[in-house]
Amino acid sequence: MMRVVVLRSPKQNDSYALAMQEAGFDVKFIPTLHFDFVSQRELSDAVSNPSHYSGLILTSQTAVEACSRALSVSRQYAIGRKHVSSVSNVVSQLIFQLHLSAFV
């Protein structure tokens with residue numbers, strides 16, 4: 001059996017792993033990236049004052065997760081009245097899960 005290495009963290013029901021396993025490959029995942037959230041205090045301060053800006057642009061799933069950590073339930077409601085934009089359908093779906101209005 002041939003072995004392939006995928007340079008990322010394994011995911012549940014990973015389509016890459018499933019396709020490669022079906023093709024007869026032994027798949028080994030090696031995580032190569034690790035994310036730490038930085039500027040959480042600055043982000044919390046920014047989203048706690050929604051009147052200071054007109055909108056919010058989220059460029060990645062990590063950005064959505066960072067905002068989720070920074071927002072309380074009451075702040076999510078306030079931010080939801082602002083324009084929230086995303087750069088992809090995946091990011092949009094995460095924004096909707098936060099009950100924010102997304103314009104893709």
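Five helices and five strands make up the secondary structure of the protein chain in this predicted model. Followed along the sequence, these elements come in the pattern β-α-β-α-β-α-α-β-α-β, a handy guide to keep in view while turning the structure above.

The chain as a whole can be described by its contacts and its surface. The protein chain has 104 residues, and 26% of them are buried.

Attention now turns to a pair of helices. Two packed helices are described by the angle between their axes and the distance between those axes. For α2 and α3 (residues 61-70), the angle is about 70 degrees, and the axes are 9 Å apart. This angle makes α2 roughly perpendicular to α3, because angles from 65 to 115 degrees are counted as roughly perpendicular. Which residues meet where these helices pack? On the α2 side they are Q40, L43, S44 and V47, and on the α3 side A66, C67, R69 and A70.

The surface also has a nonpolar patch, formed by V5, L7 and I30. Together these residues have about 260 Å² of accessible area. One of them, V5, is placed in strand β1. Is V5 buried, partly exposed or exposed? With a relative accessible area of 46%, V5 is partly exposed, because that class lies between the 20% limit for buried residues and the 50% limit for exposed ones.

N13 has a phi near 50 degrees, a positive value in a residue other than glycine. N13 sits in the loop that links β1 (2-6) to α1 (15-22). Its relative accessible area is 72%, so N13 is exposed. S39 is not a glycine either, yet its phi is positive too, at about 60 degrees. Where is S39 found? The place of S39 is the loop between β2 (25-29) and α2 (40-47). S39 has a relative accessible area of 45% and is therefore partly exposed.

How values were computed
Residues are numbered from 1 along each chain as its sequence is written. This is a predicted model: local features need pLDDT of at least 70, side-chain atom pairs count only at pLDDT 80 or more; totals for chains, interfaces and linings use all residues. Side-chain values use heavy atoms; hydrogens and water are left out. Helices (H or I, at least four residues) and strands (E, at least two) are DSSP runs, numbered from the N terminus. Buried means under 20% relative accessible area, exposed over 50%, partly exposed in between (1.4 Å probe, protein chains only). Patches are made of residues with over 30% relative accessible area and no salt bridge: like charges are joined within 9 Å, nonpolar side chains (Val, Leu, Ile, Met, Phe, Trp, Tyr) within 5 Å. Accessible areas come from the Shrake-Rupley method with a 1.4 Å probe; for residues, only the protein chains shown count as cover. A salt bridge is a side-chain nitrogen of Lys or Arg within 4 Å of a carboxyl oxygen of Asp or Glu. Axes are lines fitted to C-alpha atoms, for helices over the stretch in contact, and angles run from 0 to 180 degrees between N-to-C directions. Angles under 35 degrees count as roughly parallel, over 145 as roughly antiparallel, 65 to 115 as roughly perpendicular and the rest as oblique. Contact means heavy atoms within 4.5 Å.
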